[in-house]
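Q: Could you take a close look at one part of this predicted model? I'd like to hear about a pocket and whatever lines it.

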Amino acid sequence: MRAISTAVTAVLAGLLLGAAVTGCAGGGAEKELSADELLDEAHATMNALSTVTIAASTTVADGTGYSSRQTTDLEGRCTNRITWTGKGTLEQIRIDDTDYVRPDRAYLEQWSGRKAAEADEQDRWIKTPAAHAKPGDGLVDCTWPFSAFGTAVKGKPAEIGGRAAVSLKVTDEGDGDDAAKGVYTFYVATEGKPYLLRVAYKGTDYRSTTDFSAFDEPLAVRAPAGDDVLDAADAG
């Protein structure tokens with residue numbers, strides 16, 4: 001009887017082991033996502049954020065360029081600071097329908113074409129409706145277009161800001177035969193949430209790098225002190 005019991009135990013153990021191995025082989029391995037799927041997953045993660053910091057720099061073919069740093073709730077509240085090469089700095093606080101804008105003296109001199117007589121730094125904010133912002137004036141919208149385009153191709157592994165990432169390349173074919181073409185490289189985190197960590201663009205006209213960080217961190221956007229604000233409506 002003891003020999004039979006031992007044999008039955010051995011058979012059962014073998015069956016259980018076989019079932020376990022079969023289960024691991026059949027359903028344990030996760031399907032590897034394609035480049036497009038990885039990018040879609042990253043964009044979905046970014047679109048679900050409540051806050052993010054966006055640092056960008058652009059260099060034009062002629063050597064000019066600009067850099068900026070924006071902290072935003074991706075809706076209607078954000079701060080931004082943009083500096084142009086040799087053309088000064090413009091700061092912005094947007095709170096829903098209102099912009100508070102502070103240009104430095106170099107910015108004012110560059111865009112007005114006149115040398116300021118005073119040597120003191122310009123530190124006043126100008127209050128103006130957000131609806132008055134126009135493309136090219138340096139003011140930003142607090143939203144950001146996290147959306148896919150083109151066809152992505154997997155590149156080499158990378159490390160961005162201390163995080164492991166995978167690079168995904170998308171070629172912009174442009175519109176028309178004479179359109180400028182360039183390559184976007186998206187870096188997506190491979191550990192933890194699939195955040196979009198960086199977007200780098202290399203084209204014939206310009207190059208740019210945009211880094212994303214401070215995901216879902218607390219956002220403190222406040223209007224400047226009243227004594228430091230000049231209302232554009234009062235100025236005429």
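A: Helix H2 (35-47) and strand S9 (182-189) each give at least two residues to the lining of the second largest pocket; helices here are DSSP runs of H or I with at least four residues, strands are E runs of at least two, and both are numbered from the N terminus. The model is predicted, so local features need pLDDT of at least 70 and side-chain atom pairs count only at pLDDT 80 or more, while totals for chains, interfaces and linings use all residues. Residues are numbered from 1 along each chain as its sequence is written, and side-chain values use heavy atoms, with hydrogens and water left out.

The lining of that pocket is made up of Glu32, Leu33, Leu38, Glu41, Lys154, Val166, Val188, Ala189, Thr190, Gly192 and Pro194. Sorted by class, that's six nonpolar, two polar and three charged residues (Ala, Val, Leu, Ile, Met, Phe, Trp, Tyr, Cys and Pro are nonpolar; Asp, Glu, Lys and Arg charged; the others, Gly among them, polar). Its volume is about 200 Å³, taken as the space filled by probe spheres set on grid points joined across faces, edges and corners. A pocket, by the way, is an open set of points on a 1 Å grid over the protein atoms alone, where a 1.4 Å probe fits, with protein on both sides within 12 Å along at least five of seven lines; lining residues have an atom within 4 Å of a point.

Now follow S9 itself. Six of its eight residues are buried, so S9 is largely enclosed by the rest of the structure (buried is under 20% relative accessible area, with a 1.4 Å probe and protein chains only). On one pairing, strand S8 (residues 163-172) runs antiparallel to S9 over eight bridges, and Leu168 has Phe186 of S9 as its bridge partner. Strands pair if DSSP finds at least two bridges between them. S9 also pairs with S10 (196-203), again in the antiparallel sense, over seven bridges, and Thr185 stands opposite Ala200 in S10. S9 and S10 form a hairpin with six residues between them, and Gly192 in the turn has a positive phi of about 75 degrees. Gly192 is also one of the lining residues listed above.

S9 turns up in the largest pocket too. That pocket holds about 810 Å³ of space. Of its 34 lining residues, the closest to the centre are Ala56, Tyr66, Trp144, Ser208 and Thr210. S9 and S10 are among the elements that give two or more residues to this lining.

Terms used: Buried < 20%, exposed > 50% of the residue type's maximum accessible area, 1.4 Å probe, protein only.
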